[in-house]
Amino acid sequence: MLETSVSTPLITVAEARERVLGSLSPLPSETVAVADALDRVLAAEVRAAGNVPPFPCSAMDGYAVLAGPAGRTLMIVGESRAGTPAGVAVSDGQAIRISTGAAIPEGATAVIPQENVETLPDNSIRTAADTTAGDHVRGAGEDMRDQATILSAGTPLNPFALAAAVSAGVAEVTVARRPRAAVLCTGDELRAPGQPLGPGQIHNSNGPMLSGMAAHAGAVVRPMQQLADDRAATEHGIAAALAECDVVLISGGVSVGPHDHVKPALSALGVEEVFWSVSLQPGKPTWFGTASGGRLVFGLPGNPVSSAVTFSLFVAPAFAALQGAPAPRPPQRTAVLATEVRRNPRREQAVRVRLHETDGATLAHPTGPQGSHILTSLLAADALAMIPAGDGRLEAGAMVQLNALAA
């Protein structure tokens, strides 16, 4: 029997996000080499295996000396190079040539830079500046102390975090397993990129968009699959995705028309509905449910902007939480609306905006027409400006909350 009404009460964007996050648990962890950990999320803290630097070392090319006044003549008695410490100590009246990063020789209390000395013919130098104890000396443990926590669980491993882990003496890190994701696009009208179009046909832009967004969110995405507008094909495709993946993203076919087979297929497969329909423009016909084994299923609207918006608001936080990263909460950043926006009397709007700073304020400029089919409205967008439901217009100069636009 076909559904003939859409009387299900709409839930707010905030409530939908909370229901998604409340329905999942972080994925198990695994150990990987640091070289393979870029953009993964730490599941266990990283502690320093020793002091960093492990010994006092020089911050400059110059000479290791006993601190003292300018005008002294000091005999050069050795050299300390990076990786090859000097084999002698420094005494009063002596200096040891030293490179940046090289170990401070025994007895030395300061480093005088090369540009602050005069080199004399008899293998000595004359100092042209005063030095005090500690000048240009990096202390042992100045960056990291032995056994100090350097990176906490939940930290996304960007290139700087990887460098810190290696500096801490770590070769492997414990990270959350990457979510396995499937993207299923419904619709007989869809054609592959570049394929000639017949009457009533369009190219499947949602497939590469959602696959790319999922990959950027940390997922391992299997090849996109297109489902015909057929009940048996829809159920078979979803069942195959559920058997392999942690997250299934279905684009289109989730409404209540005679050719929308997603919801009946999900019900037949035992996927439990958590919510259907959100008080959001664009993105009202969004469906979310859970299957056995903690699998998550998102039924996203078929219009490309609606898919991108609902992915940003609901799917991206889920991918973050599955990997143990702090999931984005309701938006905290605000901006000043640069131009007026007509409000929707019943639904919150996610307006694509371009941001720029002026006079210490962040201005949010809508990126042109905001229809759910206007894919180009995403191209210059930096964020989503969340416009509360209401009558009339929200005037220029109003403060609006910003939500991240996943890409």
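In helix 1 (residues 13–21), the buried residues include Val13, Ala16, Arg17, Val20 and Leu21, where buried denotes under 20% relative accessible area, exposed over 50% and partly exposed the range in between, with a 1.4 Å probe and protein chains only. These residues lie on the same side of helix 1 because they cover an arc of only 130° around the axis, the arc being that of the directions from the helix axis to the C-beta atoms. An α-helix has 3.6 residues a turn, so residues three or four places apart point the same way. Helices (H or I, at least four residues) and strands (E, at least two) are DSSP runs numbered from the N terminus.

The model is predicted: local features need pLDDT of at least 70 and side-chain atom pairs count only at pLDDT 80 or more, whereas totals for chains, interfaces and linings use all residues. Residues are numbered from 1 along each chain as its sequence is written, and side-chain values use heavy atoms, with hydrogens and water left out.

Two positions illustrate contacts between parts of the chain. Leucine 38 lies in the loop between strand 1 (29–33) and strand 2 (46–47) and is partly exposed, with a relative accessible area of 44%. Its C-alpha atom is separated by 9.9 Å from that of phenylalanine 160, 122 residues apart along the chain. Tyrosine 63, in strand 4 (residues 62–65), is buried at 2% relative accessible area.

The aromatic side chains come next. Four aromatic pairs are found in the whole structure; rings of Phe, Tyr and Trp (its six-membered ring) pair if their centres lie within 6.5 Å, and planes under 30 degrees apart count as stacked, over 60 as edge-to-face and the rest as tilted. One of the pairs joins phenylalanine 275 and phenylalanine 288 in a tilted arrangement, 5.7 Å centre to centre with 35° between the planes. Because phenylalanine 275 lies in strand 19 (residues 272–276) and phenylalanine 288 in strand 21 (residues 287–291), this pair ties together parts that are 13 residues apart in sequence. Phenylalanine 275 is buried at 2% relative accessible area, and phenylalanine 288 is buried at 0%. Phenylalanine 311 and phenylalanine 319 form another tilted pair, at 6.1 Å centre to centre and 40° between the planes. Phenylalanine 311 is buried at 0%, and phenylalanine 319 at 1%. Phe275 and Phe288 also belong to one aromatic cluster with Phe298 and Phe314.

Asparagine 344 occupies the loop between strand 24 (341–342) and strand 25 (348–358) and is buried at 10% relative accessibility. Its side chain makes a polar contact with the side chain of glutamine 281 at 2.9 Å; such a contact is a pair of N or O atoms within 3.5 Å, in which, within protein, one must be able to donate a hydrogen and the other to accept it, and residues adjacent in sequence count only if both atoms are side-chain atoms. A polar atom of the asparagine 344 side chain also lies 3.1 Å from the backbone nitrogen of arginine 347.

Finally, the second largest pocket has 23 lining residues, of which Thr186, Glu189, Gly252, Gly302 and Asn303 lie nearest its centre. Strand 13 (180–186) and strand 15 (202–203) are the elements that give two or more residues to this lining.

Technical notes:
On a 1 Å grid over the protein atoms alone, a cavity is a set of points where a 1.4 Å probe fits but cannot get out, and a pocket is an open set with protein on both sides within 12 Å along at least five of seven lines; lining residues have an atom within 4 Å of a point.
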